[in-house]
Amino acid sequence: LHSIGWGGEAGASYLDRNRRGRELASAVMSWLVSRSPDIVVIEAPIPRMQKRSGSVFDRWFLFELLLAECDLRKIECVVVNPRPRQVCLTGNGNAGKQEIHEAWRKILAPVKVINADIADALTLAYMAALRLDYELPFPVKDRHWNQLDSVSWPAVWPEAARAPKQLQLG
């Protein structure tokens with residue numbers, strides 16, 4: 001379980017924000033490419049209309065950079081909206097990051113889920129694992145399966161992704 005990221009500076013210029021986004025995208029892609037993925041699952045940055053802060057735009061920028069890099073490298077990219085991710089794990093479409101984090105802490109104990117960003121990523125990976133029929137080391141609830149139809153999964157999965165596997169955690 002790995003987290004990549006760092007905070008920005010309050011009042012940073014647009015150029016500084018752009019540089020930070022590109023540096024972060026580069027760090028994420030370096031880590032990702034070193035693992036030779038067949039598929040990447042990424043959360044869509046759905047901005048809340050009442051929160052038009054700089055961080056919303058920064059997230060969109062990072063999302064677009066990562067999506068473009070995956071496309072250029074011919075890595076299949078699946079985009080999941082936040083609500084199905086939240087409902088899948090907690091049953092609550094308005095679940096906050098802390099609620100998702102706590103749910104994973106309970107499911108995966110004693111594996112340490114160190115922050116809410118990793119918990120969010122775990123949920124995306126979990127949804128893909130369900131879609132690929134991975135054997136999972138914990139019970140799967142109906143609501144977990146029910147959210148899979150709200151995602152545009154690839155019509156044809158890369159051969160490596162389709163191979164039967166057992167999910168390894170820790």
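This report covers the salt bridges of a predicted model and the packing of helix 3 against helix 4.

## Salt bridges overall

Across the whole structure, a search finds nine salt bridges. Side chains of opposite charge can pair when their charged atoms come close. Five residues, namely Glu43, Arg85, Lys97, Asp117 and Asp120, are linked in a network of salt bridges.

## Glu43 and Arg85

The closest N and O atoms of the salt bridge between Glu43 and Arg85 are 2.8 Å apart. Glu43 belongs to strand 1 (residues 39-43) and Arg85 to helix 3 (residues 82-90), so the bridge ties together parts that are 42 residues apart in sequence.

The relative accessibility of Arg85 is 5%, and because buried means under 20%, Arg85 counts as buried. Glu43, at 24%, counts as partly exposed.

## Lys97 and Asp120

Lys97 and Asp120 also form a salt bridge, with 2.4 Å between the closest N and O atoms. Lys97 is in helix 4 (residues 97-108), while Asp120 is in helix 5 (residues 116-131); the pair therefore ties together parts that are 23 residues apart in sequence.

On the helix 5 side, Asp120 has a relative accessibility of 6% and counts as buried. Lys97 has a relative accessibility of 37% and counts as partly exposed.

## A pair within helix 4

Arg105 forms a salt bridge with Glu102, and their closest N and O atoms are 2.9 Å apart. Both residues lie in helix 4, three residues apart, which means that about one helical turn separates them.

Arg105 is partly exposed, with a relative accessible area of 38%. Glu102 likewise counts as partly exposed, at 30% relative accessibility.

## Helix 3 against helix 4

Two packed helices are described by the angle between their axes and the distance between the axes. For helix 3 and helix 4, the axes come within 10 Å and cross at roughly 40°. The crossing of helix 3 past helix 4 is left-handed.

Helix 3 contributes Arg85, Gln86, Leu89 and Thr90 to the contact, and helix 4 contributes Glu99, Ile100, Ala103, Trp104 and Ile107. By type, the contact residues divide into five nonpolar, two polar and two charged.

Key. Residues are numbered from 1 along each chain as its sequence is written. This is a predicted model: local features need pLDDT of at least 70, side-chain atom pairs count only at pLDDT 80 or more; totals for chains, interfaces and linings use all residues. Side-chain values use heavy atoms; hydrogens and water are left out. A salt bridge is a side-chain nitrogen of Lys or Arg within 4 Å of a carboxyl oxygen of Asp or Glu. Helices (H or I, at least four residues) and strands (E, at least two) are DSSP runs, numbered from the N terminus. Buried means under 20% relative accessible area, exposed over 50%, partly exposed in between (1.4 Å probe, protein chains only). Axes are lines fitted to C-alpha atoms, for helices over the stretch in contact, and angles run from 0 to 180 degrees between N-to-C directions. A crossing is left-handed if the near helix is turned anticlockwise from the far one by less than a right angle, and right-handed if clockwise. Contact means heavy atoms within 4.5 Å. Ala, Val, Leu, Ile, Met, Phe, Trp, Tyr, Cys and Pro count as nonpolar, Asp, Glu, Lys and Arg as charged, and the others, Gly among them, as polar.
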